[in-house]
Amino acid sequence: MQLKEVLIKNGFHFNKRFGQNFLTDTNLLRSIVDRAGITSEDTVIEIGVGGGTLTRAIAEKAKRVIGFEIDRNLQPVLNETLAGLENVEIVFKDVMKMPTEEIEKIVGGRFSVVANLPYYITTPILMKFIEESDVVDSITVTIQEEVADRLCATAGSQEYGAITASIDAVGNAEKIMRIDRKMFYPSPNVDSAVVKITIDKNKYDIKDMKAYRAGVRCAFLSRRKTLVNNIMMSFKTDRKTAEDVVLEVKGDVMARGETLTTEDFVSLSNQLIERNLKF
Ligand code: SAM
């Protein structure tokens, strides 16, 4: 039976608040899991299982799938769509309210994330797994295309922002597929894309992640201001100190935050530490 029929049969009503736009095309779902590089060795967590279509595609490839879903009304639907799958567990909880350690405890080892994310919590979910966990291997997410372009942007471009620099510090983000809005049920107003982030926490020699994040926040504090001005504002320094920092990092006192590459941010974070600035 098609997902739409199962939803109707169970009297399911879509809840807009939860960003419920489901994917139903089996070929597309299989190709997402394929491109995510999931193998029979992998434990995968899925955020927002919806009608269980992506869950089923992951379960065909992975060793084990743990799916989280906020909407309990989907339980009877999932009882049907996931029937017969021995390697799937569903946890009906709001992922944003679960401490990351609780999720790690449920999984009990390393894992990858594969999800068609609810659009209203895309960034907080990404940051949660990127910043708070050391046992994530990769994160493959279907998100709004505009956000996907921000995750994969290069320094200096319009799409480049704090999230790009935060992710690039600990992994490699790659846009692996575009998905037309018509592929979702119901259809949202924008197209989507799938991004795979391969985590590599040793990619750069970052001495203190807190300093790195403070530098990134500072650089994007105000796009209209120079980095010198943003440093003075963020770390309450005099102009001379801020200029010395920027000369050290970028060699140009007029530099703007959005032109800093990840290497530059590493250098900025080292400057914050060496000069004892309060971050
Ligand atoms: N994976 C399904 C698919 O691809 O068809 C559903 C994707 S739909 C875009 C997002 C799902 O996330 C919805 O089922 C929604 O109820 C669920 N969701 C929204 N907020 C959530 C949260 N905070 N924790 C867990 N699940 C959530």
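**Note on the cavity, its ligand and the pockets**

1. The largest cavity has a volume of about 320 Å³. A cavity is found on a 1 Å grid over the protein atoms alone, as a set of points where a 1.4 Å probe fits but cannot get out. Grid points are joined across faces, edges and corners, and a volume is the space filled by probe spheres set on the points. By this rule the count comes to 1 cavity of 30 Å³ or more.

2. This is a predicted model: local features need pLDDT of at least 70, side-chain atom pairs count only at pLDDT 80 or more, and totals for chains, interfaces and linings use all residues. Residues are numbered from 1 along each chain as its sequence is written, and side-chain values use heavy atoms, with hydrogens and water left out.

3. What lines the largest cavity? There are 29 lining residues, meaning residues with an atom within 4 Å of a point. Ile47, Gly48, Val49, Glu69 and Pro118 lie nearest the centre. Strand 1, strand 2 (43-47), helix 3 and strand 3 each give two or more residues to this lining. Helices (H or I, at least four residues) and strands (E, at least two) are DSSP runs, numbered from the N terminus. The lining divides into 16 nonpolar, 9 polar and 4 charged residues. Here Ala, Val, Leu, Ile, Met, Phe, Trp, Tyr, Cys and Pro count as nonpolar, Asp, Glu, Lys and Arg as charged, and the others, Gly among them, as polar.

4. The space taken by the ligand is this largest cavity. A molecule sits in a cavity or pocket if more than half of its atoms lie within 2 Å of its grid points. Around the ligand are 23 residues, each with a heavy atom within 4 Å of it. The closest are Leu23, Gly48, Glu69, Asp94 and Tyr120. Strand 1 (22-23) and strand 3 (64-69) each supply at least two residues of this shell. The shell holds 12 nonpolar, 7 polar and 4 charged residues.

5. A polar side-chain atom of Glu69 lies 2.6 Å from a ligand oxygen atom. An N or O atom in the side chain of Asp94 is 2.7 Å from a ligand nitrogen atom. For Val49, a backbone N or O atom lies 3.5 Å from a nitrogen atom of the ligand. The protein covers 99% of the 600 Å² of accessible area that the ligand has on its own, by the Shrake-Rupley method with a 1.4 Å probe.

6. Next, the pockets. A pocket is an open set of points with protein on both sides within 12 Å along at least five of seven lines. The largest pocket contains about 420 Å³ of space. Its lining has 20 residues, with Gly19, Asn21, Tyr119, Pro188 and Asn189 nearest the centre. Strand 6 (residues 136-144) gives the most, 3 residues. This lining divides into 8 nonpolar, 11 polar and 1 charged.

7. About 320 Å³ of space lies in the second largest pocket. Of its 16 lining residues, Met1, Thr24, Thr26, Thr53 and Arg56 lie nearest the centre. Helix 1 (3-9), helix 2 (26-35), helix 3 (53-61) and helix 4 (75-81) each give two or more residues to this lining. Which element has the largest share? Helix 3 does, with 4 residues. The lining divides into 5 nonpolar, 7 polar and 4 charged residues.

8. Two backbone details deserve a look. Tyr185 and Pro186 are joined by a cis peptide bond, with omega about -10°. Pro186 lies in the loop between strand 8 (184-185) and strand 9 (192-199). Lys236 has a phi near 50°, a positive value in a residue other than glycine. Lys236 is in the loop between helix 10 (227-235) and helix 11 (239-250).

Conventions
A polar contact is a pair of N or O atoms within 3.5 Å; within protein, one must be able to donate a hydrogen and the other to accept it, and residues adjacent in sequence count only if both atoms are side-chain atoms.
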